[in-house]
Amino acid sequence: VSAAVSALHTRRTPAFRLLAHDFTFESDDTVLVEHLAACWSHLPAGDPAKATAYGVHAEGTKYRPFAGSVRGARTERPNHALAWLLWSLNQAVAATAGDGVLLVHGGVVAAGVRGVVVTASAEKGKSTLLTGLARRGLAYGGDEFVAVALDGGGVTALPRPPALEGMARELLAELEPPNADAWFTTQWTVDPGLLAGGVINGPVEPEVLVVPRYWPDAPAVIKPLTRADALTIVLRQSFNLHGLGRIGLHAAADLVRRCRCVELVSGDLEASCDAVLEVLG
Amino acid sequence: MIPADIAGEFRPSLRASVAAEEVDGDVVLYDESTRSVHVLNGTAAAIASCFDGAGTIRDIAGEVAEAFGQPLDDVLAAVLDVARTLGSASLLDGVEGEVAPADPDDEPPPPAWLADPPSR
């Protein structure tokens with residue numbers, strides 16, 4: 001009976017497509033479903049018939065996440081359930097990269113079609129910088145996944161919503177999602193449509209490649225990276241280089257050849273944005 | 001052969017699994033068999049570009065010394081150094097380096113943030 005009651009209250013998002021992965025999200029928390037639907041609304045529409053269903057349902061006082069046929073652990077903490085679900089979604093997206101693009105861990109913002117690619121390993125301030133730049137007027141083109149064309153090094157914006165952690169939430173407090181105390185205690189999933197620059201979806205001409213490194217309280221210092229060092233970083237941040245082999249190497253090399261490549265060390269978001277915007281010109 | 005045994009009569013050549021990209025004078029190598037990435041600066045890249053399996057280390061050093069007007073002994077030492085470094089990285093034919101080939105059936109592990117479920 002409780003399952004039937006829960007089903008009556010379940011809301012589901014439309015199907016979205018991230019890279020080649022079609023998905024929906026459902027929950028009996030209407031506000032959460034509406035928020036995530038808004039966050040993902042900038043992605044292309046997915047095929048409902050092929051979409052993998054993700055969701056979180058209340059089971060008594062606990063929450064149970066699922067990703068397709070895989071059920072996550074029941075937990076009393078809704079944010080744990082949602083974090084597991086979003087991690088599962090990231091895994092599925094990365095697995096669909098295949099051999100059509102070089103998929104790199106990073107994000108994109110753009111002025112028109114002039115793109116800034118930001119790439120770094122985890123917890124280096126990538127999401128904060130991308131969101132800050134979008135708040136300053138660049139179009140938001142995604143966080144976590146950058147699709148690099150195998151022919152020519154162009155990139156495709158995949159506007160997966162930004163995920164903000166730690167200090168970023170204080171700096172970008174106006175983006176706090178609804179019910180953050182329940183669902184988003186460690187990481188905010190925010191709607192990029194709320195950012196001043198809007199959202200871009202599709203091909204971007206990369207002109208600047210930034211490798212950020214968050215350093216608490218440090219002033220923003222930007223310095224050129226050799227293209228060889230930038231290429232090495234891009235290769236190390238790629239998800240599917242090993243499947244692509246030398247084709248992936250050539251794609252990454254084409255990307256860095258098109259870009260001014262810089263390293264940014266900073267603990268100051270506004271100064272970081274100033275520095276990157278100056279490089280973009 | 002181990003890298004330390006590389007000497008003047010060795011004919012170095014990059015393994016067929018090694019792909020190279022030149023960017024701004026530096027060269028980035030990617031070895032498909034070991035899935036490793038290496039950067040050579042301009043000098044090392046210029047020397048490595050002569051590693052075609054035809055000439056010996058001594059031949060290559062002689063040509064470079066003549067072309068750039070450098071003492072042969074200095075250039076020979078530099079060419080040996082590059083060859084032993086590339087050999088150690090398992091990038092040369094016939095040299096047993098320190099980087100083991102990857103199992104082609106093994107998927108490389110995803111980055112930690114994607115491999116490990118969230119714990120918080």
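A search through the whole of this structure turns up zero disulfides over all chains. The model is a predicted one, so please read every distance below as computed from its atoms. What it does hold is 22 salt bridges over all chains, and three of these are found across the interface of chain B and chain A.

**Cysteines**

- For Cys261(A), the closest cysteine sulfur belongs to Cys259(A), and at 5.5 Å it is too far for a bond; a disulfide needs the two sulfurs within 2.5 Å.
- Cys261(A) counts as buried, with 6% relative accessibility.
- Over in chain B, Cys50(B) counts as partly exposed, at 26% relative accessibility.

**Around helix H4 of chain A**

- Helix H4 of chain A covers residues 126-135, and Ser127(A) lies in it.
- Ser127(A) is buried, its relative accessible area being 13%.
- Leaving aside residues up to four places away in sequence, Ser127(A) touches Asp143(A), Ala163(A) and Leu164(A).
- One of those neighbours, Asp143(A), also pairs with Lys126(A) in a salt bridge, with N to O at 3.2 Å.

- In chain B, Arg58(B) and Glu9(B) form a salt bridge whose closest N and O atoms are 3.2 Å apart.
- Arg58(B) belongs to helix H2 (residues 57-68) and Glu9(B) to the segment before S1, so the pair links parts of chain B that are 49 residues apart in sequence.
- Arg58(B) is partly exposed, with a relative accessible area of 43%, whereas Glu9(B) is exposed, at 54%.
- Elsewhere, Arg135(A), Arg136(A), Glu174(A), Glu270(A) and Asp274(A) are joined into one network by salt bridges that share partners.

**Salt bridges between the chains**

- Arg227(A) and Asp24(B) meet through their side chains in a salt bridge of 2.9 Å, N to O.
- This pair crosses between chains: Arg227(A) is in helix H7 (residues 227-236) of chain A, and Asp24(B) is in the loop between strand S1 (18-23) and strand S2 (26-31) of chain B.
- Arg227(A) counts as partly exposed, at 22% relative accessibility, and Asp24(B) is exposed, with a relative accessible area of 54%.
- Arg246(A) and Glu32(B) also meet in a salt bridge, at 3.1 Å from N to O.

**The interface as a whole**

- Contacts connect 25 residues of chain B with 29 residues of chain A.
- The two chains bury about 2400 Å² between them, and 65% of that is on carbon and sulfur atoms.
- Eight residue pairs are in polar contact across the interface of chain B and chain A.
- On the side of chain B that touches chain A, the elements giving two or more residues are S1, S2, strand S3 (36-40) and helix H4 (112-115) of chain B.
- S1(B) supplies the largest share of that side, with six residues.
- By class, that side of chain B has 16 nonpolar, one polar and eight charged residues.

Conventions: Residues numbered from 1 in each chain as written. Chains lettered and ligands numbered in written order. Predicted model: local features only at pLDDT ≥ 70, side-chain atom pairs only at ≥ 80, totals over all residues. Heavy atoms only, no water. Buried < 20%, exposed > 50% of the residue type's maximum accessible area, 1.4 Å probe, protein only. Helix = DSSP H or I, 4+ residues; strand = E, 2+ residues; numbered from the N terminus. Contact = heavy atoms within 4.5 Å. Salt bridge = Lys/Arg side-chain N within 4 Å of Asp/Glu carboxyl O. Buried area = accessible area lost by both parts, 1.4 Å probe. Polar contact = N/O pair within 3.5 Å; in protein donor to acceptor, adjacent residues only side chain to side chain. Nonpolar A, V, L, I, M, F, W, Y, C, P; charged D, E, K, R; others polar.
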